[in-house]
Each structure stands twice: as structure tokens, then as C-alpha cells.
Amino acid sequence: MVNATAGLIGVVLLTRHGDRTEYFQNTSNYISQQAYLTPLGAQQEYELGSFLRSTYLDADSPSFVQNISTEVANIDQLTVRADAGGGNAILDSAYSLLQGLYPPTQKSEITLGNGEKVLSPLGGYQYIPVQSLEYWQAPSLTPWMECNYFLFHLNRVYTSSGFQNISAAAQPFLTALKPYLGGISNNFTNMIYDHVNVQYTHNKTYYDTLPATFLEQARHYANWLQQQVFTDATTAQNVAIRTLLPEVMWSLGNMTLPSNKVKIAVQEVDYKPFISLFNVTNATLYDPDISGIANYASVVALELSLDSTGSHHVSMKFKNGSDDSEFRQLKLFGNTTVTLESFIHQLAWTTINSTINWCFSCNQTIERGCSVFNYTDDPFLNPTG
């Protein structure tokens with residue numbers, strides 16, 4: 001039982017990008033070309049940032065982060081990282097979110113040595129650094145790409161009886177949907193929902209003519225498939241979260257140190273890590289409706305609190321885009337809250353904390369920087385006797 005808390009001392013946020021233009025994802029390896037953030041997507045992220053501001057930066061909020069700067073951003077208190085691939089839909093989402101988290105303010109005005117007062121453009125716009133991570137720099141935010149064990153799993157999904165059964169059941173719908181796909185394949189493995197959703201959102205003619213249940217059905221089948229692709233009982237299939245977990249643990253651990261300044265850590269990603277995170281923490285066992293693809297501008301919050309005995313605890317909350325007006329409490333391994341020590345202990349087995357560990361975990365010796373490592377002592381690649 002957790003004692004009365006002395007306050008929230010920090011939070012790690014996993015946020016999904018906002019609405020974007022259509023993108024294409026290779027169904028044989030899940031390498032995709034990111035698209036561009038739309039004005040709707042930017043607004044969704046801005047509203048998410050505003051929600052997070054009211055949750056964590058309002059002194060009257062029960063989730064107020066102790067000792068955080070509330071008006072003028074203290075960049076030492078924030079770390080923000082985003083996938084910078086393709087058209088920068090994810091990176092631009094991070095900037096839009098930050099506009100809502102720390103909006104322009106006259107309080108950011110400075111006085112120069114000559115006495116002149118200066119305010120940044122746009123009424124005091126606050127420039128918060130975002131660390132962008134390209135695909136070729138490290139596998140941290142896109143660990144499924146070029147991961148051979150993930151490809152083995154993907155092939156296993158496609159040849160499974162469950163896949164064959166649901167694919168067969170979906171054929172009447174996929175046939176009926178074909179005239180609305182603009183020439184793209186209606187194969188069950190394809191990201192059909194993405195095309196339908198983008199067109200339904202941005203094309204008035206499409207919006208008026210698409211049969212009433214088609215968007216919902218496309219989402220249903222996409223949820224099922226993505227849940228199979230990015231979860232399972234073994235580690236390789238949860239790869240989308242495995243390289244993020246060390247960063248999460250490091251951030252939470254650092255927040256407990258007296259010398260630490262960071263109060264909010266943000267990881268801006270796509271939908272895949274959400275699925276894997278909910279699986280490895282057993283959250284979907286207690287809230288099965290959170291399985292599948294998280295909506296645009298969704299957020300998972302891992303809140304770090306300090307109780308009256310000096311123990312640190314972690315709780316997990318989820319807001320599924322604009323579908324939810326507030327956070328909902330999720331279970332971590334069946335509990336509303338767990339100690340930080342327990343959180344790390346129960347997830348340590350699945351983490352990948354370096355490029356070389358990713359190379360070994362994915363059976364990759366060439367791509368994504370793996371060619372520089374020595375594999376002569378690897379008993380799986382070079383068995384003896």
C-alpha cells in the first residue's frame with residue numbers, strides 16, 4: 001500500500017504525432033516513409049500540449065510537478081526527443097506540442113546591458129530544444145527496421161492460422177472497399193486503414209460517399225493486425241518499446257537524484273511503441289480496449305511520485321487522443337502504482353540499451369552501424385563444437 005504522496009517529482013511522456021498526410025509502409029519489413037504534419041495535426045498536438053500544461057504545470061492540479069517552472073520554460077527541466085524520419089511529421093509534432101506546453105509569454109522578456117527590453121517574436125515565443133533522431137543515426141526510435149528477428153516474427157504472423165482466418169473473414173469487406181482505395185492494394189497486410197482515414201478526414205467527396213461502417217471496419221482489422229505484429233510473449237516481437245525503455249528508466253532514475261534538474265521528459269514517436277509498451281506492462285490484460293493503434297496525439301504518462309516515507313513510485317496513465325478528455329489510469333503489472341525499483345526490475349529483461357545490443361538482439365551484422373562490431377565470439381553466429 002502506498003502512503004500519502006509528498007508530491008509528483010517528474011513525468012516521462014510517450015506521445016504520438018498528430019494527423020498527417022498519407023504514408024506508405026512496406027508490409028514485408030515495416031520500413032515506412034513518414035509523411036507531413038497537417039494543420040489539423042499541429043492543432044491536435046498543440047491541444048495535447050495545453051492539456052499537459054494544465055495537468056503538470058498548474059499549481060492547483062493534483063498532478064502538479066513540484067518545483068517546475070510554470071510560465072517561462074527552463075530548458076534544463078525538459079528533455080524532448082523525436083523521430084526525424086521522412087517528412088518530419090513526428091518532429092514537427094513535438095514542436096507543436098511544446099507550443100501548447102509553454103505558450104508565448106511576455107514574461108520571457110529580457111533586458112540587455114544597455115537597458116533595452118527585448119521580447120522574442122510572436123509575442124514571446126519560447127524556443128525549446130528538441131533532439132531529433134534520424135533512422136541512420138541509431139535504432140532507438142525505429143528498432144523494428146532492419147531487425148531480422150522482427151522480420152522472422154512478421155512472417156510468422158502472416159503464416160499463422162489466426163491471420164489466415166481473419167484475413168478470410170475480411171475478404172467480403174476488402175472487396176467492397178476496393179473502389180474506395182484509389183488503386184492501392186486491398187491485401188489484408190496493407191495499411192488500408194491509413195488511406196481510408198486520411199481520405200475521409202481531408203477529402204469532402206470521399207467523406208460524403210464512403211459507406212457508413214467502412215472506416216470503423218478498416219480500423220478494426222488494422223488494430224488486430226498491428227496488435228499481432230508488435231506484441232507477443234517473447235522479446236523480439238516487442239522490439240518497438242525495447243530500445244525506448246532504457247531511456248525511460250534512465251529518466252525516471254535521474255529524477256530521484258538531488259542533482260537532477262529534469263522534470264519532464266518527452267519521447268515523440270508513432271503508434272508502434274504504444275502497442276508494445278501496453279503488452280510488456282500487462283496493461284491490456286486489465287484494459288483490453290487500449291490494444292491496437294493509439295489515436296493521433298495520444299500520450300502515455302509515466303508519473304514519478306515520492307511518498308511520505310521517501311519511496312519512489314511509478315504510475316501509468318493514458319489519454320487516447322481527442323477521444324479522451326482526461327487521463328485514464330492504467331495498471332502496471334496489475335497494480336495502480338509500483339515502486340520505481342519494481343518497475344525497472346520487471347522490465348529490465350526486455351531492454352536494449354545500445355546499438356551493439358540491438359545488433360545482437362536483432363541478428364543484424366551489417367545494417368544500421370552493426371558492421372563495425374566484432375561478432376567472432378558470438379556463440380549463435382559462430383557456434384563451436
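At what angle do H6 and H8 pack, and how far apart are their axes? Please go on from there to what surrounds that pair.

Analyst: Please keep in mind that this is a predicted model. In it, H6 and H8 pack at an angle of about 145 degrees, and their axes are 9 Å apart. The crossing that these two helices form is left-handed. On the H6 side the residues that meet the other helix are Tyr193, Val196, Asn197 and Tyr200, and the residues they meet in H8 are Leu215, Ala218, Arg219 and Ala222. Sorted by class, this contact of H6 with H8 has six nonpolar residues, one polar residue and one charged residue.

Looking at H6 by itself, which covers residues 192-202, you will find that Ile192, Tyr193, Asp194, His195, Val196, Asn197 and Val198 are buried. A residue counts as buried when its relative accessible area is under 20%. The buried residues of H6 pack against H8, and also against H5 and helix H7, which spans 204-209.

H8, which runs over residues 214-229, has a contact with H5, residues 161-177, as well: the axes of these two helices come within 11 Å and cross at roughly 160 degrees. Because angles over 145 degrees count as roughly antiparallel, H5 is described as roughly antiparallel to H8. The residues that make this contact are Gly162, Phe163, Ile166, Ala169, Ala170, Phe173, Ala176 and Leu177 from H5, together with Phe214, Gln217, Ala218, Tyr221, Trp224 and Leu225 from H8. Taken by class, the residues of the contact of H5 with H8 divide into twelve nonpolar and two polar, with no charged ones. The crossing in which H5 passes H8 is left-handed.

Gln227 has a relative accessible area of 12%, and so it is buried. When its neighbours within four places in sequence are left aside, Gln227 is in contact with Ile275, Ser291 and Gly292.

Notes. Residues numbered from 1 in each chain as written. Predicted model: local features only at pLDDT ≥ 70, side-chain atom pairs only at ≥ 80, totals over all residues. Heavy atoms only, no water. Axes fitted to C-alpha atoms, helices over the stretch in contact; angles between N-to-C directions. Helix = DSSP H or I, 4+ residues; strand = E, 2+ residues; numbered from the N terminus. Parallel < 35°, antiparallel > 145°, perpendicular 65-115°, else oblique. Left-handed = near helix turned anticlockwise from the far one by under 90°. Contact = heavy atoms within 4.5 Å. Nonpolar A, V, L, I, M, F, W, Y, C, P; charged D, E, K, R; others polar. Buried < 20%, exposed > 50% of the residue type's maximum accessible area, 1.4 Å probe, protein only.
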